[in-house]
Amino acid sequence: MALQVLNFKFKTEAPKTIAKKWSHLGVTGSGDLEVLMEQKELGGAVTAKVVTPVKGFDAVWEKMLGKFVNDCHVGDVSIEINDDNATPIVVYMRLRQALAEANAKEAE
């Protein structure tokens, strides 16, 4: 099965970057996905790369990622998603979890 690679770029008002240099959450497995976030100087923007086996859902990915960026006011972050047929609500939930992990304080 061929994988499709989608690339998006988003901007939001008053963007905030993540606290850690990078963060990883999830695994690519049955019906789930892996999210990687990395601090990157992007002029306040967010870039997102999605690798998925599902074709024809470009607009859904763009809408879900745009909602995440706007809801969370994320900026200067590169996101990579390795998808294995996750539903849109799972995508949003994993993005929020990855953001929480990326902003979590290190144990002292």
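Lys and Arg count here as positive and Asp and Glu as negative, while His and the chain ends are not counted. The place of each charge is taken as NZ of Lys, CZ of Arg, CG of Asp or CD of Glu. On that basis the chain carries 13 positive and 15 negative side chains, and the centres of the two sets lie 3 Å apart.

A word on how to read what follows. This is a predicted model, in which local features need pLDDT of at least 70 and side-chain atom pairs count only at pLDDT 80 or more, while totals for chains, interfaces and linings use all residues. Residues are numbered from 1 along each chain as its sequence is written, and side-chain values use heavy atoms, with hydrogens and water left out.

**The chain as a whole**

Two helices and five strands make up the list of elements, and along the sequence they follow the pattern β-β-β-β-α-β-α. Helices (H or I, at least four residues) and strands (E, at least two) are DSSP runs, numbered from the N terminus. The C-alpha atoms fill a box of roughly 40 × 30 × 20 Å along the principal axes. The radius of gyration, taken over C-alpha atoms, is compared with a globule rule of 2.2 Å times the number of residues to the power 0.38. For 108 residues a compact globule would have a value near 13 Å, and the chain agrees, with 13 Å.

Of the 108 residues, 42% count as buried; buried means under 20% relative accessible area, exposed over 50%, and partly exposed in between (1.4 Å probe, protein chains only). The accessible surface comes to about 6200 Å², of which 55% belongs to carbon and sulfur atoms. These areas come from the Shrake-Rupley method with a 1.4 Å probe, and for residues only the protein chains shown count as cover. A contact means heavy atoms within 4.5 Å. Among contacts between residues at least 6 apart in sequence, 82% join residues at least 24 apart.

Gln4 sits in strand E1 (residues 4-10) and Asn82 in strand E5 (residues 77-83). Each has a polar contact, that is, a pair of N or O atoms within 3.5 Å; within protein, one must be able to donate a hydrogen and the other to accept it, and residues adjacent in sequence count only if both atoms are side-chain atoms.

| Residue | Relative accessible area | Side-chain polar contact |
|---|---|---|
| Gln4 | 13%, buried | Asp58, 3.0 Å |
| Asn82 | 18%, buried | Glu34, 2.6 Å |

Leaving aside residues up to four places away in sequence, Asn82 touches Thr28, Leu33, Glu34, Leu36 and Val51. With its neighbours within four places set aside, Gln4 is in contact with residues including Val50, Val51, Thr52 and Asp58.

Val90 lies in helix H2. Which residues does Val90 touch, not counting those up to four places away in sequence? They are Asp32 and Leu33. Val90 and Asp32 are 58 residues apart in sequence, with their C-alpha atoms 7.4 Å apart in space.

Most residues other than glycine have a negative phi. His73, although not a glycine, has a positive phi of about 55 degrees; His73 is in the loop between helix H1 (58-72) and E5, and is partly exposed at 32% relative accessible area. Asn85, also not a glycine, has a positive phi of about 70 degrees. The loop between E5 and helix H2 (88-103) holds Asn85, which counts as partly exposed at 44% relative accessibility.
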